[in-house]
Amino acid sequence: MRRAVCPGSFDPVTNGHLDIIGRASRLFDEVIVGVLVNQSKSGLFTVEERIDMLREVTASYDNVRVESFRGLLVDFCRAQQASVLIKGLRAVSDFDYELQMAQMNIGLAGVETLFMPTNPLYSFLSSSLVKDVAKWGGDISAHVPDRVRAELTARLSPPARA
């Protein structure tokens, strides 16, 4: 079975993330979306909330499942019996960092990394940017699934305008 891991914090999941997950699901028998538990960072959404949103918005993919992990990504890959990581690249600046990580992962555990260029529609998109726009009351409906938009709107009310 060809199994791959698509890791990230997904705080929150965006349409860019979903594009990569969906494309990966056509290439592999199973794609495991690995949600990083990073105790040194406090996210807007809890890990459980992120997993719940991801499970809902990926439900149409029969071969995608969502799990959380902590520690080394390569250890998670071993536990899932996955030998490939899927990483989306938005720009050259992403590549510089991701190449170092890919080289470390192949050296540590023989885990390969497949880089997928992001669809140009999402090349500027990041979870942080979406949260900033939502915080100020901007329209994020083209950038996130409806469920995520609703959760962000409920969580981030824009400050009163002067």
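This report walks through a predicted model, one group of residues at a time.

**Salt bridges**

Let us begin with charged side chains. Side chains of opposite charge can pair when their charged atoms come close. In the whole structure, a search finds 14 salt bridges.

| Salt bridge | N to O distance |
|---|---|
| Asp19 and Arg23 | 2.9 Å |
| Glu30 and Arg65 | 2.6 Å |
| Lys87 and Glu98 | 2.9 Å |

Asp19 and Arg23 both belong to helix α1, where being four residues apart puts about one helical turn between them. Asp19 counts as buried, at 16% relative accessibility.

Glu30 and Arg65 form a salt bridge in which the closest N and O atoms are 2.6 Å apart. Glu30 is in strand β2 (residues 30-36) and Arg65 is in strand β3, so their pairing ties together parts of the chain that are 35 residues apart in sequence.

Lys87 and Glu98 meet through their side chains in a salt bridge of 2.9 Å, N to O. This pair links distant parts of the chain, with Lys87 in strand β4 and Glu98 in helix α4, eleven residues apart. Are Lys87 and Glu98 buried or exposed? Both are buried. Elsewhere, salt bridges with shared partners join Arg3, Glu30, Arg65 and Glu67 into one network.

**Aromatic pairs**

How many aromatic pairs does the structure hold? It holds two. Phe69 and Phe76 make up a stacked pair, 4.8 Å from centre to centre and with 20° between the planes. Phe69 and Phe76 are both buried. The other pair, Phe95 and Phe115, is edge-to-face, with 5.6 Å from centre to centre and 70° between the planes. Distant parts of the chain are linked by this pair: Phe95 is in helix α4 (residues 92-109) and Phe115 is in strand β5 (residues 112-117), 20 residues apart. Phe95 is partly exposed, with a relative accessible area of 32%, and Phe115 also counts as partly exposed, at 24% relative accessibility.

**Two cysteines without a disulfide**

The count of disulfides comes to zero. For Cys6, the nearest cysteine sulfur is that of Cys77, 11 Å away. Cys6 is buried, with a relative accessible area of 5%, and Cys77 counts as buried at 0% relative accessibility.

**Around helix α5**

Val130 lies in helix α5 (residues 127-135) and is buried, with a relative accessible area of 2%. Leaving aside neighbours within four places in sequence, what does Val130 touch? Its contacts are Thr14, Leu125, Ile140, His143, Val144 and Leu152. Val130 and Arg149 are 19 residues apart along the chain, and their C-alpha atoms are separated by 9.5 Å.

Ser127 is also placed in helix α5. Ser127 is buried, with a relative accessible area of 14%. Not counting residues up to four places away in sequence, Ser127 touches Asp11, Pro12, Thr14 and His17.

**Backbone details in the loops**

The peptide bond from Asp11 to Pro12 is cis, with omega near 0°. Phe10 is in the loop between β1 and α1 as well. Phi of Phe10 is near 50°, a positive value in a residue other than glycine. Phe10 is buried, with a relative accessible area of 3%.

Gln81, not a glycine either, has a positive phi of about 55°. Gln81 is found in the loop between α3 and β4 (84-89). Is Gln81 buried or exposed? Gln81 is exposed, with a relative accessible area of 64%.

**A nonpolar patch on the surface**

Finally, we come to the surface. Leu72, Met104 and Leu108 form a nonpolar patch there, with about 290 Å² of accessible area together. Leu72 comes from the loop between β3 (64-69) and α3 (73-80). Leu72 is partly exposed, with a relative accessible area of 47%.

Key: Residues numbered from 1 in each chain as written. Predicted model: local features only at pLDDT ≥ 70, side-chain atom pairs only at ≥ 80, totals over all residues. Heavy atoms only, no water. Patch = residues over 30% accessible without salt bridge, like charges linked within 9 Å, V, L, I, M, F, W, Y side chains within 5 Å. Areas by Shrake-Rupley, 256 points an atom, 1.4 Å probe, with all protein chains shown as cover. Salt bridge = Lys/Arg side-chain N within 4 Å of Asp/Glu carboxyl O. Helix = DSSP H or I, 4+ residues; strand = E, 2+ residues; numbered from the N terminus. Buried < 20%, exposed > 50% of the residue type's maximum accessible area, 1.4 Å probe, protein only. Phe/Tyr/Trp six-rings, centres within 6.5 Å; stacked < 30°, edge-to-face > 60°. Disulfide = S-S within 2.5 Å. Contact = heavy atoms within 4.5 Å.
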